[in-house]
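Morning, everyone. Let me put the structure up, and then we'll walk through its pockets and ligands.

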Amino acid sequence: MKLLEGKTVLVTGASAGIGRAAAIGAARHGADVVINFSRDEAGAASAVAEIEALGQRGLYVQGDVADPATAKDFVAKAVDKFGKVDVFVNNAGICPFHAFLDMPVETFERTMRVNMHGAYFMVQAAANQMVKQGHGGAIVAVSSISALVGGEYQTHYTPTKAGVHSLMQSTAIALGKYGIRCNSVLPGTILTDINKDDLADVEKRDYMEKRIPLGRLGQPDDLEGPIVFLASDLAKYVTGAALLVDGGMFVNLQ
Ligand SMILES: NC(=O)C1=CN([C@@H]2O[C@H](COP(=O)(O)OP(=O)(O)OC[C@H]3O[C@@H](n4cnc5c(N)ncnc54)[C@H](OP(=O)(O)O)[C@@H]3O)[C@@H](O)[C@H]2O)C=CC1
Ligand SMILES: C[C@H](O)[C@@H]1OC(=O)[C@H](O)[C@@H]1O
């Protein structure tokens, strides 16, 4: 069954990793897909090629989500090409691991701007378009298990993931009257470029793996189903919710 037939889906940070998997998953479910990226044009182009190989239309638009102007531009270009926005997936994010006591101001500010400010202005631009269209919509934000637990080298990052989760709770209230649903997924540890260096430490990687009841670290396509589900009408009475996608890591105390 195709769950997003006829929909236009926008995904930020979709040249690689989880965003790319979400974009391709949406196309597999019948959607036309517009993706944002900031640097990796080859990755964005190959994601669009995969979307087109699935028989759907695709478009990539360059833009740094830290700049509020990117949000309006992304939505405008999507509407220009495909006429509407039905689903918005806020995914773009960075996690430059660093210790707390000597956190450089620039690293802190950049992480906040990309992950938190970027989410705010992107979700606002997509929501304004959905309200204008007048037939509701779905917003899915990629938060994290890190919205619920801490990380020694992630003191600048975990608050942004809690913030994105909280943003979905508040926008679920603000946008419910327009039929726009807002939810988040909370991935555990998913093998992507964001943690390649961190998990190059074999001891750490083994430790993380052992914490997961399902016995393996996640892959980007583990997020495909949960994101498509929350974006689809199967979740038509779900808003303000957060779905852990972590192989059971969070509940594994002992
Ligand atoms: N991997 C994991 O374990 C987890 C990841 N997450 C979250 O998932 C999301 C995706 O991460 P993941 O797939 O792992 O990471 P990747 O590094 O694989 O992908 C990040 C994507 O975001 C894009 N991006 C980065 N900065 C910007 C920017 N300023 N503007 C626009 N696009 C940008 C990158 O594009 P480009 O290179 O072109 O800039 C890339 O497409 C993040 O929000 C992260 O916090 C949450 C929980 C766990
Ligand atoms: C980047 C990390 O590996 C990843 O990011 C998250 O949000 C997860 O909690 C993992 O720590």
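Which residues line the second largest pocket? Lys 7, Asp 86, Val 87, His 135, Gly 136, Gly 137, Ala 138, Gly 179, Arg 181, Ala 231, Asp 233 and Lys 236 do. A pocket here is an open set of points on a 1 Å grid over the protein atoms alone, with protein on both sides within 12 Å along at least five of seven lines, and lining residues have an atom within 4 Å of a point.

Some ground rules. This is a predicted model, where local features need pLDDT of at least 70, side-chain atom pairs count only at pLDDT 80 or more, and totals for chains, interfaces and linings use all residues. Residues are numbered from 1 along each chain as its sequence is written, chains are lettered from A and ligands numbered from 1 in the order written, and side-chain values use heavy atoms, without hydrogens or water.

Back to that pocket. The space in the second largest pocket is about 160 Å³. Volume means the space filled by probe spheres set on the grid points, which are joined across faces, edges and corners. Its lining has 3 nonpolar, 4 polar and 5 charged residues. For those classes, Ala, Val, Leu, Ile, Met, Phe, Trp, Tyr, Cys and Pro are nonpolar, Asp, Glu, Lys and Arg are charged, and the others, Gly among them, are polar.

Now the cavity. A cavity is a set of points where a 1.4 Å probe fits but cannot get out. The whole structure has 1 cavity of 30 Å³ or more. The largest cavity holds about 30 Å³. What lines it? Leu 4, Val 9, Ala 22, Ala 26, Val 87, Val 89, Ile 227, Val 228 and Ala 231. H1, strand E4 (87–90) and helix H7 (224–231) each give two or more residues to this lining. H7 gives the most, with 3 residues. Helices (H or I, at least four residues) and strands (E, at least two) are DSSP runs, numbered from the N terminus. By class, the cavity lining is 9 nonpolar, with no polar and no charged residues.

On to ligand 1. There are 33 residues around ligand 1, and Ser 38, Asp 40, Asn 91, Tyr 157 and Thr 192 come nearest. "Around" means a heavy atom within 4 Å. Helix H1 (17–28), strand E2 (32–37) and helix H4 (105–133) each supply at least two residues of that shell. The shell splits into 13 nonpolar, 14 polar and 6 charged.

Look at the oxygens of ligand 1. A polar side-chain atom of Thr 192 sits 2.6 Å from one oxygen atom. The backbone also takes part: an N or O atom of Asp 40 is 2.7 Å from an oxygen atom of the ligand. For Ile 190, the backbone distance is 2.8 Å. The protein covers 93% of the 890 Å² of accessible area that ligand 1 has on its own. Those areas come from the Shrake-Rupley method with a 1.4 Å probe.

Last, ligand 2. For Ser 146, a polar side-chain atom is 2.5 Å from an oxygen atom of ligand 2. The protein covers 89% of the 290 Å² that ligand 2 has on its own.

Conventions
Polar contact = N/O pair within 3.5 Å; in protein donor to acceptor, adjacent residues only side chain to side chain.
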